[in-house]
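Please open the model in your viewer and keep a selection tool at hand. The tour moves from one selection to the next and says what is found at each stop.

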Amino acid sequence: VLAITSILCIAVGGGASGALNMALEGDIDALMTRTANRPIPRGRVMPGEAMAFGLTLAFFSVMTLGILVNWVAGALLAFTIFFYVVIYTMWLKRWTAQNIVIGGAAGALAPVVAWAAATGSLSVEPILLFLIIFFWTPPHFWALALFRNEDYTRAGVPMLPVVAGPDATRLQILLYTILLVAIAAAPWPMGYFDAVYGVASLILGAGMLWFAVDIYRHRTGSAALRATRRMFGFSILYLFALFAILLLEVVVKAILPLIW
């Protein structure tokens with residue numbers, strides 16, 4: 001029951017962050033093709049309604065997690081929502097090309113909140129999971145920004161391709177991907193995760209590197225567009241598969257002693 005409650009509260013907290021983000025960014029969303037059909041730009045929801053909805057979700061998700069599970073997790077969830085809405089949405093996104101790099105910490109905190117909910121404390125393992133998502137975020141979103149560059153330019157959002165140009169962004173994607181692959185594989189030799197995860201992280205990492213190199217090589221025309229779209233799509237699969245394999249490994253290790 002506590003596990004389901006924790007997952008639900010973290011999910012609702014993420015929904016609160018999204019609602020508050022859209023309440024504050026209706027002007028930007030209306031200018032971008034990718035977001036123009038969201039409820040606020042289409043007039044189906046008013047910004048004040050979205051704000052009230054988001055604040056309600058935030059309050060009850062944090063309080064429920066704190067009261068029913070523990071206040072370490074509740075406080076971390078509150079900080080995560082605050083970081084995403086205030087630090088990222090209200091400040092970083094509109095003012096610096098490092099918006100995704102720094103702001104990515106908000107999304108990366110989810111496994112840390114979950115670990116705190118399960119244990120009431122923090123340790124090295126959730127920090128490693130945090131770092132994996134943190135270094136995954138820039139290549140994932142910069143690939144999106146490359147093929148949505150016109151959207152961000154029109155909206156005046158200082159994404160890296162808008163500020164530094166596509167070629168500099170391609171280099172940063174490659175560099176961050178190299179760091180990501182190394183960090184994702186590190187828990188295996190460090191003894192925190194087992195060989196199944198380690199081998200899977202290397203195979204998936206090789207795929208990420210291949211797509212990052214492909215983006216770096218193809219800089220113009222339809223080939224460049226395909227490369228960015230493939231990188232964006234594979235990055236979603238990469239993170240999902242990496243965490244799914246880790247979960248499967250943990251479940252198998254828990255079940256095997258019961259079977260044998």
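**Before starting**

This is a predicted model, in which local features need pLDDT of at least 70 and side-chain atom pairs count only at pLDDT 80 or more, while totals for chains, interfaces and linings use all residues. Residues are numbered from 1 along each chain as its sequence is written, and side-chain values use heavy atoms, with hydrogens and water left out.

**Stop 1: Thr35 and Asp29**

Select Thr35, which sits in the loop between α2 (26-29) and α3 (39-42); helices here are DSSP runs of H or I with at least four residues, numbered from the N terminus. Is Thr35 buried or exposed? Thr35 counts as buried because its relative accessibility is 0%, where buried means under 20% relative accessible area, exposed means over 50%, and partly exposed lies in between, with a 1.4 Å probe and protein chains only. Its side chain reaches the backbone oxygen of Asp29 at 2.9 Å, and a polar contact is a pair of N or O atoms within 3.5 Å, of which, within protein, one must be able to donate a hydrogen and the other to accept it, residues adjacent in sequence counting only if both atoms are side-chain atoms. Setting aside residues up to four places away in sequence, Thr35 touches Ile28, Asp29 and Pro41, contact meaning heavy atoms within 4.5 Å.

Now move the selection to Asp29, which is found in helix α2 and counts as buried at 1% relative accessibility. Apart from neighbours within four places in sequence, Asp29 is in contact with Met22, Thr35, Ala36, Arg38 and Pro41.

**Stop 2: Met22**

Select Met22, in helix α1 (residues 2-24), which counts as partly exposed because its relative accessibility is 27%. Residues up to four places away in sequence aside, Met22 touches Asp29, Arg38 and Ile40. A C-alpha to C-alpha distance drawn from Met22 to Met51, 29 residues apart along the chain, comes to 8.5 Å.

**Stop 3: helix α7**

Select helix α7 (residues 110-119), whose buried residues are Pro111, Val112, Val113, Ala116 and Ala117. Which helices cover them? The cover includes α1, α4 (47-68), α5 (71-95), α6 (99-108) and α8. Just after α7, look at Gly120, which takes a positive phi of about 80°.

**Stop 4: helix α13**

Select α13 (221-259), one of the helices that supply residues to the pocket of the next stop. Its 39 residues should span 57 Å at 1.5 Å a residue, and its end C-alpha atoms are 56 Å apart, which agrees; the expected span is 1.5 Å times one less than the number of residues. The buried residues of α13 include Ala224, Ala227, Thr228, Met231, Phe234, Tyr238 and Leu242, and what covers the buried residues of this helix includes α8, α11 and α12 (195-217).

Within α13, pick out Ile236, which counts as partly exposed because its relative accessibility is 44%. Leaving aside neighbours within four places in sequence, Ile236 is in contact with Trp136 and His140.

**Stop 5: the second largest pocket**

Select Leu146, Phe147, Arg148, Asn149 and Leu225, which lie nearest the centre of the second largest pocket among the 16 residues that line it. On a 1 Å grid over the protein atoms alone, a pocket is an open set of points where a 1.4 Å probe fits, with protein on both sides within 12 Å along at least five of seven lines, and lining residues have an atom within 4 Å of a point. About 220 Å³ of space lies in this pocket, the volume being the space filled by probe spheres set on grid points that are joined across faces, edges and corners. The helices α8 (124-147), α9 (149-155), α11 (166-185) and α13 each supply at least two residues of the lining. By type, the lining divides into five nonpolar, five polar and six charged residues, with Ala, Val, Leu, Ile, Met, Phe, Trp, Tyr, Cys and Pro counted as nonpolar, Asp, Glu, Lys and Arg as charged, and the others, Gly among them, as polar.

**Stop 6**

Select Thr169 in helix α11, which is buried, with a relative accessible area of 0%. Its contacts, neighbours within four places in sequence aside, are Trp142, Leu146, Leu160 and Pro161.

Finish at Tyr192, in the loop between α11 and α12, which is partly exposed, with a relative accessible area of 32%. With neighbours within four places in sequence left aside, Tyr192 is in contact with Val124, Glu125, Leu128 and Pro187.
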